[in-house]
Amino acid sequence: MDRRIDGDLEHGSLSVLVVDDDDLQRQFLARLLARAGIGPLFWATNGRSALEAFREGQAIDVVVCDLLMPEMDGIEFLKQVSDEGFTPSIVISSGADEDTQREMETVARTHGLRVLGFIPKPVSVDALLTVLARHGSLEPTAEAPAVSEPEPEADPARRTP
């Protein structure tokens, strides 16, 4: 695990691990989650680092995971998480094509992981919160469509924390 972000969040509400090799995207997602009062928050730059967070005993409810990353990509990370007995809910956040997104979702479900949905990049706060709300839902997410987002007015990932 690379970093834990606590801020003024109430611990235990919904722990989220953001796994993305893009620094700006990772920081942007962490800010969105923190502003929404979600936490504790963790982040990792690739699947290998993210897997270490689980091995260190971090209680992680939801993983927001990119697909294409160095060292260990999102698909291999999901396989490893499941193989080691961890069962977080999964949010796929990627700019990859639809076939690759479906492959990642299929791998996750085949390995017994609950996929809350897919969020295309750049991520909007509404899309992220809509998908995360499914974590507490008892409704099955197998038929949950990808969340589309409105065109951004500005590139929020370029803001500095």
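Let's start with two helices, α3 (residues 74-83) and α4 (residues 98-110), which pack at an angle of about 5 degrees with their axes 9 Å apart. The axes here are lines fitted to C-alpha atoms, over the stretch in contact for helices, and angles run from 0 to 180 degrees between N-to-C directions. That makes α3 roughly parallel to α4, a label for angles under 35 degrees, while over 145 is roughly antiparallel, 65 to 115 roughly perpendicular and the rest oblique. Helices (H or I, at least four residues) and strands (E, at least two) are DSSP runs, numbered from the N terminus.

Before going on, please keep in mind that this is a predicted model: local features need pLDDT of at least 70, side-chain atom pairs count only at pLDDT 80 or more, and totals for chains, interfaces and linings use all residues. Residues are numbered from 1 along each chain as its sequence is written, and side-chain values use heavy atoms, with hydrogens and water left out.

Which residues meet where α3 and α4 come together? From α3 we have Gly 74, Ile 75, Leu 78 and Lys 79, and from α4 they meet Glu 103, Met 104, Val 107 and Ala 108. Contact means heavy atoms within 4.5 Å. Sorted by class, this contact has 5 nonpolar, 1 polar and 2 charged residues. Ala, Val, Leu, Ile, Met, Phe, Trp, Tyr, Cys and Pro count as nonpolar, Asp, Glu, Lys and Arg as charged, and the others, Gly among them, as polar.

Now to the aromatic rings. Rings of Phe, Tyr and Trp (its six-membered ring) pair if their centres lie within 6.5 Å; planes under 30 degrees apart are stacked, over 60 edge-to-face and the rest tilted. By this rule there are 2 aromatic pairs. In one of them, the rings of Phe 54 and Phe 77 have centres 6.4 Å apart and planes at 45 degrees, so the pair is tilted. Phe 54 sits in helix α2 (residues 47-55) and Phe 77 in helix α3, 23 residues apart, so this pair links distant parts of the chain. Phe 54 also forms a tilted pair with Phe 86, at 5.1 Å centre to centre and 40 degrees between the planes. Since Phe 86 lies in the loop between α3 and β5 (89-94), that pair ties together parts 32 residues apart in sequence. Together, Phe 54, Phe 77 and Phe 86 form one aromatic cluster.

Buried means under 20% relative accessible area, exposed over 50%, and partly exposed in between (1.4 Å probe, protein chains only).

Phe 77 turns up again in the largest nonpolar core, which has 27 residues; Leu 17, Val 63 and Phe 77 have the most contacts inside it. A nonpolar core is a set of buried Ala, Val, Leu, Ile, Met, Phe, Trp, Tyr and Cys residues joined through side-chain atoms within 4.5 Å. A second, separate core of 20 residues includes Leu 29, Val 62, Val 91 and Ala 127.

Back in helix α3, we find Val 81, buried with a relative accessible area of 1%. Leaving out residues up to four places away in sequence, Val 81 touches Leu 51, Phe 54, Phe 86, Pro 88 and Leu 113. Val 81 and Leu 113 are 32 residues apart in sequence and 9.0 Å apart in space, C-alpha to C-alpha.
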